[in-house]
Amino acid sequence: MEKIQESLANKQIDKDSHTDKIIPMFCPVCEFIMGNSLDHDCYIEFSCCQACTMKFAAPRRDDWKNGWRPSAPEIKDHKLAISSQSPSFILD
Ligand SMILES: [Zn+2]
């Protein structure tokens with residue numbers, strides 16, 4: 001029992017030493033999988049994947065930080081563009 005508590009305590013310390021932002025499996029904007037470290041870096045900065053950062057967040061950094069997000073048709077076009085550029089991103 002003591003050992004279990006000890007390992008739980010250590011896990012807590014490990015968790016606290018990492019970034020406080022939990023990176024989801026999928027981008028909340030385009031819903032594609034966020035598979036690589038660039039996506040993770042972009043998520044920490046902009047809360048979206050690298051493709052969304054390049055397309056939407058970086059060009060409108062201030063708006064993005066203030067909560068602006070692309071419209072549904074813009075996201076749809078963006079997803080089509082990602083799909084045509086990176087077939088490996090397609091899951092189904
Ligand atoms: Zn995205």
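**Ground rules.** I count residues from 1 along each chain as its sequence is written. Because this is a predicted model, I take local features only at pLDDT of at least 70 and side-chain atom pairs only at pLDDT 80 or more, while totals for chains, interfaces and linings use all residues.

**Confidence.** I looked up pLDDT, the predictor's confidence in each residue, from 0 to 100, and found that the chain averages 83, with 71% of the residues scoring at least 70. Helices here are DSSP runs of H or I with at least four residues, numbered from the N terminus. Confidence is lowest in α1, at a mean of 53, and highest in helix α4 (residues 61-65), at 97. Over residues 13-17 the pLDDT is below 50, and beyond near neighbours in sequence this stretch has 0 contacts in the model, a contact being two C-beta atoms, placed from the backbone, within 7 Å.

**The core.** I call a residue buried if 20 or more other C-beta atoms lie within 10 Å of its own, exposed if 12 or fewer, and partly exposed in between. A nonpolar core is then a set of buried Ala, Val, Leu, Ile, Met, Phe, Trp, Tyr and Cys residues joined through C-beta atoms within 7 Å. The largest one has 14 residues, and C27, V29, C30, C48, C49 and C52 have the most contacts inside it. Two helices, α2 (37-46) and α3 (50-57), each give two or more residues to this core, and the largest share, 4 residues, comes from α3. I then followed C30, which, leaving out residues up to four places away in sequence, touches C49, A51, C52, I75, H78, K79 and I82.

**Helix α2.** Which residues of α2 are buried? I noted D39, C42 and Y43. They lie on the same side of α2 because they cover an arc of only 105° around the axis, the arc being that of the directions from the helix axis to the C-beta atoms. What covers these buried residues includes α3, whereas the face turned away from the buried side carries the exposed residues S37 and I44. After α2 comes S47, whose phi is positive, near 65°.

**Residue F26.** I found F26 in the loop between α1 (2-17) and α2. F26 counts as partly exposed because it has 13 C-beta neighbours inside 10 Å. Apart from neighbours within four places in sequence, F26 is in contact with E31, F32, I33 and M34. The C-alpha atoms of F26 and D39 are separated by 9.9 Å, with the two residues 13 apart along the chain.
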